[in-house]
Amino acid sequence: MKHVIRERFSFVFIILNTLFFPVLAQTAYKISGRVTDAGTGEGIPFANIAIKGKTVGTTSDENGKFSLSSTQTGDSLLFSSLGYQNRAYRIIPVATQTIDAVLTSSATKLQEVKIYAKGGDPAYRIIREAIRRRDQFDPDQLTAFQYESYSKVEAYVNNFANERKNGRKGGPVGRLLSKLPAIYDSQGKPAVPVFVSETFSEYYQRANPRKVKERILKSRASGVGISDGGVSAQLTGSSFQQYNFYQNYISLLRKDLPSPLGQAWQTIYKFRLIDTVTVGGLVCYQVDFEPKRPTDLAFSGTAWIDTTRMGLTQIDAKIDQRANINFVDEIRIEQEWEDVGDSTQTSMVRLPVLTQLLIDTDEPTPNAPGALVRMYVAARNVKVNVPKESKFYEPPLELAENYSEKSPAFWQTIRPEGLDPNELRAFTIVDSVRNVPFMKFLGEVVNLTAVGYYPLGSLHLDAGPLLNSYAFNNVEGHRLRLGLRTNSGFSRRWILGGYLAYGTRDQQFKYGMNIDYVVSKKPYTIVGIQKSYDIERLGTSSENLGGNTIFAAYTRFGTLRRPYMQEFHNTYLRSELGKGITQTISLRNRSFEPLFPFAYNTNDRETITASQYRTTELLFETRFAPGSLMIQSDNDRFSVEGSNNPVFTFRYQLGMQDVLHGDFSYHRFSLNVRHSFRLGVLGRTRYQVNAGYIPSTIPYPLLYMPLGNETFFRVENSYNLMNFFEFVTDRYVGVMAEHNFEGLFFNRIPAIRRLKWRFLATGNILMGGVSQANTALIPATNQLGEPVLGFQSLSRAPYVEVGYGIDNIFKVFRVDAIHRLTYRNNPNISTFGIKVSAWVNL
């Protein structure tokens, strides 16, 4: 775009000169000379020369010589250079004159000049000075800023019409795509639009305390498999398109890319000064940059730094196939930064007012099509240093009730500049594409895979989840399950759901149902009632699984050790209190009906035992996730944790005896901390801390059971060489940590760096124990005289397992080798294991 603007300006300039030069001819002035160092007499290269009060300027060459021609003149000529004091020389109003400037070294910059002036590219001095002054230009350093944002996102399927070795184009998929409506690029190659959206919003940010807010005012989206335009509006707005090159790292596609203006600039990048050019009316240094090692996960491109204030004016940064990112042929970010503010400010500030992002994917297989995603974000009506009250920024992401706007007339008035004909056609063509039977079916398959539910047409019902539809185990035999829930077509406030399951071996029906009502969407508040009667197993409760739906479905298979039937009632209230805090209060009533030999002592003399019980508890859960964004669908909310801040979850459970037939009075405290942070070029560390304390005397099924993993695949929130129900504790502290070195090691090994493997290390540790009082609750036999199964607790030695692995094998698989270091003599355990996991990983 910047080239188009420059060409149009040049064209207009030529026309105006052609038409008016004979009438308005002016005197041409020429000033030449040399800029030298006062101490050494040597020429100063790339010094800045400008006529005071005018927009005319130039720079000296490598020997300090310069020549300046202009029809404008002034009273003095200004000279400046990094490491030297600025100086002005008087201009004589004659056609030709010579000015030799002598600059004195600046005392505060003398050391930099001494070290860097001789040898090396001058670009390093420029970048070093730009980084030194970045506090003057970094938007995050402003007290506050706000602007109106227009964003546009387009996604295309491309590269399906390319010639293959067999002479055919694209295989069966390519031939099918070739029959769909398409848009043609400048080379005549077709691209089928599969998603197009436009969003108009207001974006706000303040520094102390750091707060961000985006208010989605209007949006329209159309695409294959898109059923909720509100979600796409929030995910494609300005909140997820913030690229600040003054930060140390740019977060993109869940990768941390070092900025060429960040702290690691000299370690990762090499620079070269190319030229001085005029950009946006400013004389700028044009500096090229690229990673020192081509396979490093880093940018290459060009930055334009203005010569007077040393601030970023424009940047064009890209990543190509050589970097360690899967399925990506090229990523390109183009930004234009402009001075914003008003004349009352002592100095202007600079913000990125235009950002364009292009992601061109690589074909996963030789005959597969590719994909192209283009994003465009423009800011206007920028205001700076006008902070709002802290509560104004809650919630951080807000979707207006009447956000849907499909009128083309509205979008024509709101766009910062007109779309080209192809982009205008994309909005029309994508509707035709999504209604093609094959694409409609493909969209449903994608939606079913991602969400797990299948929409049942005009019934406003979804069937699922798919993963829970079938299981086989030793208690139920073949377990068949059918689940239904309402969708937004039924109501945007009421959410109804339920399921019915049946086991062919136990010949017993199980069921569950829920009724939820969205009380308020600002702040988001929901109340609900749940009831279920189903089979469970000790050690794999929903609280332990932590939302891992795949692992939860797998635990229904095989041998269910220590199973029990549970009747569950739950009434809850959940509300977002602002500042990243979500509060949940619930009243739960549960029964425990064991299907294995179990009993507990009901009095201190251990003379009376029971095998079943019921609990009634009041639960308080507080979740604090600073920096996360809550995405609101028509009927639900989910969190996107894009920051480096830790997430805290504190839970207190109060057991109430004789309330709704509750048998026990108890207290349970637990805390979970999850955090991910960057260690510079060494990679990224993720860890999770779990701690809890149960000061009451209660049967062991109510104590804490760490989640084990007896499967052949790795589970992130489990102890992967621990069996199910291997340990029980009433006080515990556990740490799970993983460090991914990304391409730090394998990128430096010529034989395997093309594989893009990533090395990682893991470690899990758990410390805890059980009080004597809780151990004494277990009798030798139950009422039927059967031996009661007990449990093992941790001793003074902690449970420890460590591992190492390789990620990104064939761009999908991960293999971990894990060693169990303690409790190696426990029965039926593995001291070493190979765990496999797979997901689409960038």
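In the hairpin formed by β38 and β39, where 5 residues lie between the strands, Gly680 adopts a positive phi near 60°. The model described here is predicted. Strand β38 (residues 666–678) pairs with strand β39 (residues 684–693) in the antiparallel sense, over 10 bridges, and Phe677 has Thr685 of β39 as its bridge partner. Strand β39 is also joined by 10 bridges to strand β40 (residues 731–740), again antiparallel; here Tyr687 stands opposite Ala737 in β40.

The largest nonpolar core comprises 59 residues, and Phe299 and Leu312 have the most contacts inside it. Among the residues touched by Leu312, beyond those up to four places away in sequence, are Phe245, Leu261, Trp304 and Trp337. Apart from this core lies another, of 20 residues, including Leu538, Phe664, Leu702 and Phe725.

The structure contains 38 salt bridges. One of these pairs Glu398 with Lys213, with the closest N and O atoms 2.8 Å apart. This pair links distant parts of the chain, since Glu398 lies in strand β22 (residues 397–399) and Lys213 in strand β12 (residues 211–223), 185 residues apart. Both Glu398 and Lys213 are buried.

A salt bridge also connects Asp462 and Arg485, whose closest N and O atoms are 3.6 Å apart. Asp462 is buried, with a relative accessible area of 10%, whereas Arg485 is partly exposed at 29%. Asp730 and Arg731 likewise meet through their side chains in a salt bridge (3.0 Å, N to O). Asp730 counts as buried because its relative accessibility is 2%, while Arg731, at 38%, counts as partly exposed. Further salt bridges that share partners join Glu476, Arg479, Asp506, Lys510, Asp534, Glu536 and Arg556 into one network.

Methods:
Residues numbered from 1 in each chain as written. Predicted model: local features only at pLDDT ≥ 70, side-chain atom pairs only at ≥ 80, totals over all residues. Heavy atoms only, no water. Pairing = 2+ DSSP bridges. Helix = DSSP H or I, 4+ residues; strand = E, 2+ residues; numbered from the N terminus. Core = buried A, V, L, I, M, F, W, Y, C linked by side-chain atoms within 4.5 Å. Buried < 20%, exposed > 50% of the residue type's maximum accessible area, 1.4 Å probe, protein only. Contact = heavy atoms within 4.5 Å. Salt bridge = Lys/Arg side-chain N within 4 Å of Asp/Glu carboxyl O.
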